Amino acid sequence: MAPILEIQNLYKNYGSLEILKDINVSIDSGDFLVLVGPSGCGKSTLLNCIAGLEPISSGNLSIGGQDMTNVSPKNRNIAMVFQSYALYPTMSVAKNITFGMKVRGVDQSTQEAKLAQVAQQLQIEPLLGRRPGQLSGGQRQRVAMGRALVRDPKLFLFDEPLSNLDAKLRVEMRTEIKALHQNLGASMVYVTHDQIEAMTLATKIVVMKGGEIQQIGTSSEIYNRPANLFVADFMGSPAMNLIPAKTRSNDEGTNIEILRKDGEPIVLTDQVNRDLPSDVILGVRPEDIADPEMRGGGDTQAADCIIDIVEPTGADTFVVMQLGGKSVTARLHSETTAQPGKTQKLAFDLGKVSYFAPDTGLRLN
Amino acid sequence: MTELVTSPARGQSQAVRVLLRWSLYIALGFFVLIYLMPLFVMVTTSLKSLEEIRTGDLVALPRAVTFDAWFTAWSGACTGIKCEGVKPYFWNSVLIAVPAVAISTLVGAINGYVVAQWRFRGANIIFALMLFGCFIPFQVVLLPMARVLGIMGIAGTIQGLIFVHVVYGIGFTTLFFRNYYVTIPVELTKAAKVDGAGFFRIFWSIFLPLSLPIIVVTVIWQFTQIWNDFLFGVSFSQAGTQPVTVALNNIVNSTTGVKEYNVDMAAAIIAAFPTLLVYVVAGKYFIRGLTAGSVKG
Ligand SMILES: Nc1ncnc2c1ncn2[C@@H]1O[C@H](COP(=O)(O)OP(=O)(O)OP(=O)(O)O)[C@@H](O)[C@H]1O
Ligand SMILES: [Mg+2]
């Protein structure tokens, strides 16, 4: 089957300003693609290009196997939810939802049936007679969603639909959107700059920076095997520890040497990854530095570390120390004995580390 | 804060506040008097007989109220050789002002919508040029306009005057609507495009229903401008198509013998009446429209 959305070599300029550079993305039917990246990296612009609301400067774009590069938005068979919801202020909720069908000349009875169905699905029946100005943020969000759902399009586009909601509602709506996706089996492209939202919703994540794609992959690929330093740093909270280290190969494997301000360097031995350059940046997730009792076997190697700060968060306790000139965070069990200023034995899980080249920032293993 | 202020000081500040308030009222009252004085004189004079005007006091109330001057002004006063009052000219003004206001408002709305929401290459330049049009003095366009009207074959006609007022008004109406529509988020247009609506559909279904305040502002502005216009009216009309302002001028200037001040005053009030009415009826929207900015989504 043809991919539901295929973007090839897409470039987008505003005047002489290059906003999107060589974008290549393809998703299959039923995929939930999430675009993440820092503010201003071009996520909304890319979504607008997919919708046909912004012309692209060069490249190709097809939806459902049909070339859509120069097709107007109304003929792309898409529905879009905007960051500001963009509800029509003078129309009632019901009119907002049916406007698209009315424009397309869908007959009255079908309109009513679809409206009733969507209103029931989103639990907005009591709101149908109101104007958008008389709704709360969460209710507006639902109406905006309803306006998209009623269309039954090939592709849904969402531009940060949850960013205006408070934290609690955001988590609730996130779950609802996920349920909606599973129930509808629809294909979606979803923009966010919240990486937790990205991880929880996506079947496929596109990480962008400065108009360029940094990595495309599943949540676990992005999380466990970031393609470069930017992705490693951007995805995950607290961020991945990126520690400058020196390597030396010998018969048993590669010795990884991490300098410390006071005391001997930590030396770990990686038996899998060989042929690393002599200078690398070692990427370790906080949860891959743990109490030795909690984490045993595998590639785990223990080392003594001097703890600077202890931050209990309830379920876990984060400890911060200085390694290789960087602040390094480890995620320990909440009942850990670690104390600030004291030495603590910590286990590094070498089976899950990443190596990056310091100059190019690219992944080495 | 108030708890900290000692009571004598508070008493004093209270007194100062009352004093300030009263001086404000007195100042405002004074200006109101100055403002209303001419109107008062006009109304009272129009209700007096010529005899009373000649013998009486300018600011005195009429001893015997008579509407003779009003009837004469409406249908009997002489404008040059004809003595039909302002009535036919009043209707000329209506025939000029109503279509000219309607057309210039509608065109301004569409222009403003395009410039604000359908940003195309050169949109800013076009808007700047239109804005520039607002600052061109009437006198500058008289000769070129006369030529254009001649070429179009509508010189001296009501249509010609409508055309002149529409052309001259578009700069202002575009400015009004553009400034109103730029405050409306472009995402609204984008959402409607995704919903399948086209240029006019979006204008008609989404922008026009939002526009009542700015339509009122524009209509009041345009109506006042066009109704009160004298220069275009006197330059581009001929016998039979003159607007009421020109007729008023002729009545006041062409009376021979004794000057009929009461008729002049009545005619002037009649000529000014529609603009007064528009302000009274729609003034509240006018203030609201001028201050209205953002539209809540
Ligand atoms: N009409 C425009 N003209 C020129 N530059 C623009 C225009 N629209 C957007 N840009 C630029 O394009 C870049 C990408 O903008 P975009 O809105 O796509 O960012 P984003 O990734 O959606 O950011 P955010 O997370 O803040 O919404 C920004 O640097 C922005 O300044
Ligand atoms: Mg954005």
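**Entry: A:Ser327**

I looked up A:Ser327 and found it in strand E18 (residues 326-333) of chain A, where helices (H or I, at least four residues) and strands (E, at least two) are DSSP runs, numbered from the N terminus. The model is a predicted one, in which local features need pLDDT of at least 70 and side-chain atom pairs count only at pLDDT 80 or more, while totals for chains, interfaces and linings use all residues. Side-chain values use heavy atoms, with hydrogens and water left out, and residues are numbered from 1 along each chain as its sequence is written, with chains lettered from A and ligands numbered from 1 in the order in which they are written.

Leaving aside neighbours within four places in sequence, I list A:Asn241, A:Val320, A:Met321 and A:Gln322 as in contact with A:Ser327, contact meaning heavy atoms within 4.5 Å. With A:Gln322 there is a side-chain to side-chain polar contact of 3.1 Å; a polar contact is a pair of N or O atoms within 3.5 Å, and within protein one must be able to donate a hydrogen and the other to accept it, residues adjacent in sequence counting only if both atoms are side-chain atoms. I also noted A:Asp308, which is 19 residues from A:Ser327 in sequence and 9.3 Å from it in space, C-alpha to C-alpha.

**Entry: ligand 1**

Which residues surround ligand 1? I find A:Tyr14, A:Ile19, A:Ser39, A:Gly40, A:Cys41, A:Gly42, A:Lys43, A:Ser44, A:Thr45, A:Glu160 and A:His193, each with a heavy atom within 4 Å of the molecule. A backbone N or O atom of A:Gly40 lies 2.8 Å from an oxygen atom of the ligand. For the side chains, I recorded 3.2 Å between a ligand oxygen and an N or O atom of A:Glu160, and 3.3 Å between a ligand oxygen and a polar atom of A:His193.

**Entry: backbone geometry in chain A**

I checked A:Ser237 and A:Pro238, which are joined by a cis peptide bond with omega of about -5 degrees; A:Pro238 sits in the loop between helix H8 (229-234) and strand E11 (241-249) of chain A. A:Asn9, in strand E1 (residues 5-14) of chain A, has a positive phi of about 45 degrees although it is not a glycine.

**Entry: helix packing in chain B**

Helices H7 (residues 158-181) and H10 (residues 212-228) of chain B pack at an angle of about 155 degrees with their axes 10 Å apart, the axes being lines fitted to C-alpha atoms, for helices over the stretch in contact, and the angles running from 0 to 180 degrees between N-to-C directions. H7(B) is therefore roughly antiparallel to H10(B), since angles under 35 degrees count as roughly parallel, over 145 as roughly antiparallel, 65 to 115 as roughly perpendicular and the rest as oblique. Among the residues making the contact I noted B:Phe172 and B:Phe176 of H7(B), and B:Ile215 and B:Trp221 of H10(B).

Helix H6 (residues 138-152) of chain B packs against H7(B) at about 135 degrees, with axes 11 Å apart, and the two are therefore oblique to each other.

**Entry: helix packing in chain A**

Helices H2 (residues 93-103) and H4 (residues 137-149) of chain A pack at about 30 degrees with their axes 8 Å apart, which makes H2(A) roughly parallel to H4(A). I see the contact made by A:Val93, A:Asn96 and A:Ile97 of H2(A) and by A:Val143, A:Gly146 and A:Arg147 of H4(A).
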